[in-house]
Amino acid sequence: MFILFGIAGSLLPIIPGPPLSWIGLLFLHMTTAVPNDNTFLIVTLIIAIVIFTLDYFIPAIGTKRFGGSRSGVIGTTIGLFIGLFSPIPGGIIIGPFVGAFIGEKYNNANTNNALKAAFGSFLGFVTGTLIKFIVAIVYMGYFIATFWEYKHLMI
């Protein structure tokens, strides 16, 4: 169940996808059928936490890569947090985009440069989502393979 929530969480911004997928792996390894591999669990936990954390920084990195200034990066970060708690649908996508745009306009950038930086923020968001989704799918693949391998012991 946690594996599926992890996949959903990789696509829905408010749900922590990779950590939830990792909890599914933890529960699998807590069964008596599957040998406990602490090294594997620690490495996959670190990956889940790093990916989850990076997801909040990648839009700002995208803004900077597309020519955004410090004001655009700050705007992206503020927009991300406002969008995260915003009641409007898509706030997590719209927030960083609008934040980067406003930050660049505040920094006296022309509209084209501000839009370019805002687009970088959007690409950063999409990149972060893709990375989370890939990690969740890999964790699911491992879960299914391990479950299948030890299914005869789980009955």
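Is Phe122 buried, exposed or partly exposed, and at what relative accessibility? I looked up Phe122 and found that at 31% relative accessibility it counts as partly exposed; buried means under 20% relative accessible area, exposed over 50%, and partly exposed in between (1.4 Å probe, protein chains only).

I note that this is a predicted model, in which local features need pLDDT of at least 70 and side-chain atom pairs count only at pLDDT 80 or more, while totals for chains, interfaces and linings use all residues. Residues are numbered from 1 along each chain as its sequence is written, and side-chain values use heavy atoms, with hydrogens and water left out.

**Aromatic pairs.** Phe52 is partly exposed at 28%, and Tyr56 is partly exposed at 24%. I also looked at Phe119 and Phe122, a tilted pair with 6.4 Å centre to centre and 35° between the planes. Phe119 and Phe122 are separated by about one helical turn because they are three residues apart in helix 7. Ring pairs link Phe52, Tyr56 and Phe81 into a cluster.

**Nonpolar patch.** I recorded a nonpolar surface patch of about 850 Å², whose residues include Ile102, Phe119 and Phe122. Helix 6 (91-106) and helix 7 (111-150) each supply at least two residues of the patch; helices are DSSP runs (H or I, at least four residues), numbered from the N terminus. Ile102 lies in helix 6 and is exposed, at 52%.

**Buried positions.** I then checked Ser10 in helix 1 (residues 2-11), which is buried with a relative accessible area of 0%. Leaving aside neighbours within four places in sequence, Ser10 is in contact (heavy atoms within 4.5 Å) with Gly17, Thr129, Lys132, Phe133 and Ala136. In helix 4 (residues 58-65), the buried residues are Ile58, Pro59, Ala60, Gly62 and Thr63. Their cover includes helix 3 (38-54), helix 5 (70-85), helix 6 and helix 7.

How values were computed. Patches are made of residues with over 30% relative accessible area and no salt bridge: like charges are joined within 9 Å, nonpolar side chains (Val, Leu, Ile, Met, Phe, Trp, Tyr) within 5 Å. Accessible areas come from the Shrake-Rupley method with a 1.4 Å probe; for residues, only the protein chains shown count as cover. A salt bridge is a side-chain nitrogen of Lys or Arg within 4 Å of a carboxyl oxygen of Asp or Glu. Rings of Phe, Tyr and Trp (its six-membered ring) pair if their centres lie within 6.5 Å; planes under 30 degrees apart count as stacked, over 60 as edge-to-face and the rest as tilted.
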